[in-house]
Amino acid sequence: MNALVSDQMGRLRKMIGNGKNGFHDIIRKIAPGSRVPQFGMYTGRTPYPGENNFDENVKYAETIRRDILTQSEEVQDKLRELGKYPSKADLESFADRLEDQGAILTDPNDAELVTRYEMQMFCPDILITNYSMLEYMLMRPIEKPIWQSTRNWLDSSDDNKLLFIIDEAHMYRGSAGGEVALLIRRVLHKLGIGRDRVQFILTSASVPSDDTPIYKFACELSAQNEKANNFKIIRGKEEPIEFTASEINARDLLDFDIDALQGDWDTKKEAIADFARRIEFDMDCDLDDEKSVEVWLYKCLFNTNPMRRIMQATRGNAMSFNQLALKAFPSEEAETAQKATSAFLAIAPLAKNANNQVLYPARLHMMFRGLQGIYACSNPMCKHKNHDGSLGLGRVYLNKPGTRCDCGGMIYELLNERSCGALFLRGYMDISEGSNPFIWNEPGIQFTENLKEVLFYIIPNDGSFKKKKDMVVGWLNALAGRIDCFNDHTGENGFLYVAYCTAESKGRPDTLTFKSCPKCEKNKFNATDFITKGNEPFFNIVSEQFYVQPPVPKYADLVNQGRKVLLFSDSRQRAAVLARDLTRAADEDAMKKALTVAAKELQEWAASKDEEPTLSLLYTFFLKVAYQNGLRFFYGNNEEDLLNDLDTMKKRYEKKGDSLRYDKMALKDFKHKPDQFNEHLLRQLCSNFRSLTDAGLCWIEPCDIDGDTFDDIEEAFDDADISMTLDEFKVLFAAWAMEIMTSEYAIGSDIPDSTRRNLTAYRQRLGVENETELPTRIRSLLTEHGYSKEQISIIAEQLSRFLAKGDHTSSYYLNMEVVSLHYDAEHEWYKCPRCSGVFPYTVWGKCAHCGKGEPHLMNTDDFKGIDFWRSPVLKAIEGDCGAYHNRHKPYWN
């Protein structure tokens with residue numbers, strides 16, 4: 001609603017505001033001494049609530065001077081052009097009066113009243129508001145003068161009528177429309193007038209062709225008796241478009257540079273000239289005169305049949321881009337037509353006539369819809385499958401289909417385990433049915449205690465599946481919908497080999513599910529559906545829209561370089577939640593990039609200074625990255641702490657540049673790290689499927705402090721006759737560190753457990769309880785490689801060198817003073833076919849994640865699978881500051 005009010009205010013300022021040779025000047029000429037009409041905006045954004053307050057007046061005067069009066073003439077002219085300049089007879093004098101405690105604020109020659117107090121004292125002729133504020137105005141005593149002045153004016157003459165204009169009237173339907181209709185009736189009651197003293201104008205661009213429901217709607221909304229309806233519907237008239245202009249060869253525009261139209265004027269005019277040469281426009285305009293080019297382009301584009309066909313096809317009618325391209329160039333191939341149409345759509349907004357009307361004021365709508373789940377036909381031999389068959393299933397559906405596929409197979413919802421990608425079908429089984437029970441794909445209306453939700457694991461045919469206790473294997477008859485656990489149906493058409501668990505889920509007795517993943521054997525198993533949830537997917541769309549925008553040259557010095565995305569919500573509550581969630585998602589996304597860039601810069605600095613790049617220095621380099629890219633993070637006290645640290649970094653860096661001793665700064669200036677920094681660091685290091693290691697970017701390595709640590713480890717191994725090279729130890733260390741981080745958040749002995757608990761809801765154990773006890777998976781790898789129990793104990797002792805007891809806890813954590821976050825995107829990365837884990841090494845040929853799979857070197861297709869998370873970080877590494885998508889407000893402004 002406020003967006004509509006602001007737009008209307010801009011139009012009024014330009015139509016009847018205080019402008020040179022404008023409406024007021026005309027009135028003074030034809031009727032000297034007459035009172036000029038006044039208007040005002042009365043919404044929650046109008047300064048300021050409450051009684052007239054001198055301090056608030058002074059603040060508002062300071063805002064006017066800062067944002068308007070001290071700006072350049074060019075900026076002020078632009079504000080007037082956009083309708084953003086308050087329409088006062090003399091804005092500077094108004095600011096002076098605001099700072100004078102006894103002054104009358106309003107000049108009789110003012111066209112606009114800008115404060116609430118002004119409008120309460122001098123009721124404007126035109127009041128623009130929204131229904132929320134109108135409701136408050138009806139109840140509060142402070143607005144009583146507005147209603148009294150209106151009533152007095154109405155009483156002064158029987159010919160006086162209140163004009164009530166409702167913009168975008170189609171929005172007031174349903175329950176919201178009912179509230180507005182009652183609000184209008186309360187206004188009439190407040191003024192003590194009947195419906196005959198009010199004239200209504202309802203405007204809308206969404207008017208159906210049938211007049212009857214329109215009249216009914218208008219009468220109900222405006223308190224008009226339908227039998228005494230005196231509404232008239234005034235429709236706009238379309239000008240006929242004739243296709244008598246010139247045709248264009250679409251192939252001439254195949255390689256036209258559309259992006260150049262988004263550059264500065266020098267770049268843009270060259271692109272326009274190139275367009276003109278390609279389609280043989282006569283260049284009878286001055287390319288250095290932007291207005292001249294706009295008018296010339298308006299004339300030339302309208303004199304082409306493709307432009308006319310585009311206008312005709314989309315006049316009052318939405319159309320897909322592919323369809324529009326074929327309409328514009330009906331005799332061309334689809335790809336050629338699309339490229340030429342893109343060129344026309346890109347250049348058309350630049351064409352304006354002498355009255356500044358745009359030739360083609362169209363909108364492009366991109367519709368995004370979240371997944372409502374993924375479903376699959378359970379018949380492996382389905383004739384309608386739409387994939388390569390590697391899933392072992394039939395046709396896959398992105399929308400909820402019927403019960404059966406066209407092949408006759410039962411359709412079930414598809415779930416997966418996020419870490420390893422194991423696939424499951426969700427079914428419902430009556431456990432009292434006995435042998436060959438029917439597997440329903442919906443629970444039905446009656447959910448009895450015997451009907452259980454069951455997850456059926458789709459057993460791959462590679463021989464990797466191992467049946468465990470409480471598991472049942474069987475064959476799902478896709479056509480009959482029944483499961484057979486007693487007969488072998490290998491090779492038979494229509495049968496799917498599955499396994500399910502007979503154990504009830506803890507806290508959910510109506511669900512039968514696995515305790516550990518049947519594919520990767522990960523504990524705390526949790527299968528998830530494919531339904532789009534939360535606002536993070538929406539953030540990904542918004543951030544990509546932001547990133548792909550070309551920068552605006554005249555704003556090149558700003559961090560965002562003129563890029564912007566505006567979001568609208570149909571609810572204030574939803575808008576508040578959306579703003580919170582998008583900010584959190586933006587911060588997490590930007591932190592992944594900033595931490596990776598910081599790790600890389602720390603690594604390079606340490607190499608140049610012959611120092612160890614310990615994790616304890618990472619915060620200092622994070623501050624350097626945030627300072628250089630104008631990034632802001634965190635909230636509340638944490639944000640204040642960060643801003644103070646950034647200010648310190650700014651002063652030090654401006655003074656010494658890259659010659660700074662960052663290790664000494666870390667000890668002197670940045671020993672305390674904000675809790676929210678630690679929280680983000682844990683999230684990027686300890687996530688089970690979104691860590692920096694999972695993205696093929698970074699991993700944890702041990703540091704050789706004082707040059708003695710590695711010598712001591714090698715000596716201990718020699719004494720115990722342990723055949724393990726230092727390189728093998730580093731690989732083992734990286735696998736062990738990843739294991740204790742992802743399972744126990746065991747990094748950062750100075751990070752309080754309360755910070756870790758903010759990230760996990762179910763983990764009770766935080767940190768390593770016994771420093772010399774290895775995780776089961778690591779111990780198994782060592783045993784399989786031939787090490788004895790005594791040797792494994794010594795290896796565990798050497799690993800424990802890098803642990804430290806946590807503050808206020810008995811658990812142990814990786815000591816950030818002796819480990820580093822190593823960045824190397826170009827390293828050879830491996831992916832496990834069993835659990836899909838990504839790691840920079842294999843541990844004696846085995847997977848560091850599951851300990852059983854045999855990883856392969858990642859190829860191009862493997863990297864494509866993680867490119868969504870990896871590629872934006874690499875862009876930041878390459879120096880693309882636009883890749884951060886952060887709040888991007890330089891802290892020193």
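# Notebook: helices, rings and one asparagine

I began with two helices: H3 passes H5 in a left-handed crossing. I noted the residues that make this contact. From H3 they are Phe54, Asn57, Val58, Tyr60, Ala61, Ile64, Arg65, Ile68 and Leu69, and from H5 they are Leu91, Glu92, Phe94, Ala95, Asp96 and Leu98. Sorted by class, the contact of H3 with H5 holds eleven nonpolar, one polar and three charged residues.

A reminder to myself: this is a predicted model.

**Back to the angle.** I looked up how the two helices lie. H3 covers residues 54-69 and H5 covers residues 91-98, and they pack at an angle of about 155° with their axes 8 Å apart. Angles over 145 degrees count as roughly antiparallel, so H3 and H5 are roughly antiparallel to each other.

**The whole chain.** Next I stepped back for the overall numbers. I found 27 helices and 24 strands in the protein chain. Its C-alpha atoms fill a box of roughly 110 × 75 × 65 Å along the principal axes. The chain has 893 residues, and 46% of them count as buried. I also checked contacts between residues at least 6 apart in sequence: 65% of these join residues at least 24 apart.

**Aromatic rings.** How many aromatic pairs does the structure hold? I read off 34. A pair of aromatic rings is described by the distance of the centres and the angle of the planes, and I wrote down both for two pairs.

- Tyr619 and Phe677 are edge-to-face, at 4.8 Å centre to centre with 65° between the planes. This pair links distant parts of the chain: Tyr619 sits in helix H18 (residues 618-629) and Phe677 in helix H21 (residues 675-686), 58 residues apart. Both Tyr619 and Phe677 are buried.
- Phe868 and Trp869 are also edge-to-face, at 5.4 Å centre to centre with 85° between the planes. Trp869 has a relative accessible area of 36%, so I put it down as partly exposed.

**One asparagine.** My last stop was Asn416, which lies in strand S8 (residues 411-417). Is Asn416 buried or exposed? Its relative accessible area is 14%, and under 20% means buried, so Asn416 is buried. Leaving aside residues up to four places away in sequence, I listed what Asn416 touches: Gly421, Ala422, Leu423, Phe424, Asn526, Ala527, Thr528 and Phe530.

Methods:
Residues are numbered from 1 along each chain as its sequence is written. This is a predicted model: local features need pLDDT of at least 70, side-chain atom pairs count only at pLDDT 80 or more; totals for chains, interfaces and linings use all residues. Side-chain values use heavy atoms; hydrogens and water are left out. Axes are lines fitted to C-alpha atoms, for helices over the stretch in contact, and angles run from 0 to 180 degrees between N-to-C directions. Helices (H or I, at least four residues) and strands (E, at least two) are DSSP runs, numbered from the N terminus. Angles under 35 degrees count as roughly parallel, over 145 as roughly antiparallel, 65 to 115 as roughly perpendicular and the rest as oblique. A crossing is left-handed if the near helix is turned anticlockwise from the far one by less than a right angle, and right-handed if clockwise. Contact means heavy atoms within 4.5 Å. Ala, Val, Leu, Ile, Met, Phe, Trp, Tyr, Cys and Pro count as nonpolar, Asp, Glu, Lys and Arg as charged, and the others, Gly among them, as polar. Rings of Phe, Tyr and Trp (its six-membered ring) pair if their centres lie within 6.5 Å; planes under 30 degrees apart count as stacked, over 60 as edge-to-face and the rest as tilted. Buried means under 20% relative accessible area, exposed over 50%, partly exposed in between (1.4 Å probe, protein chains only).
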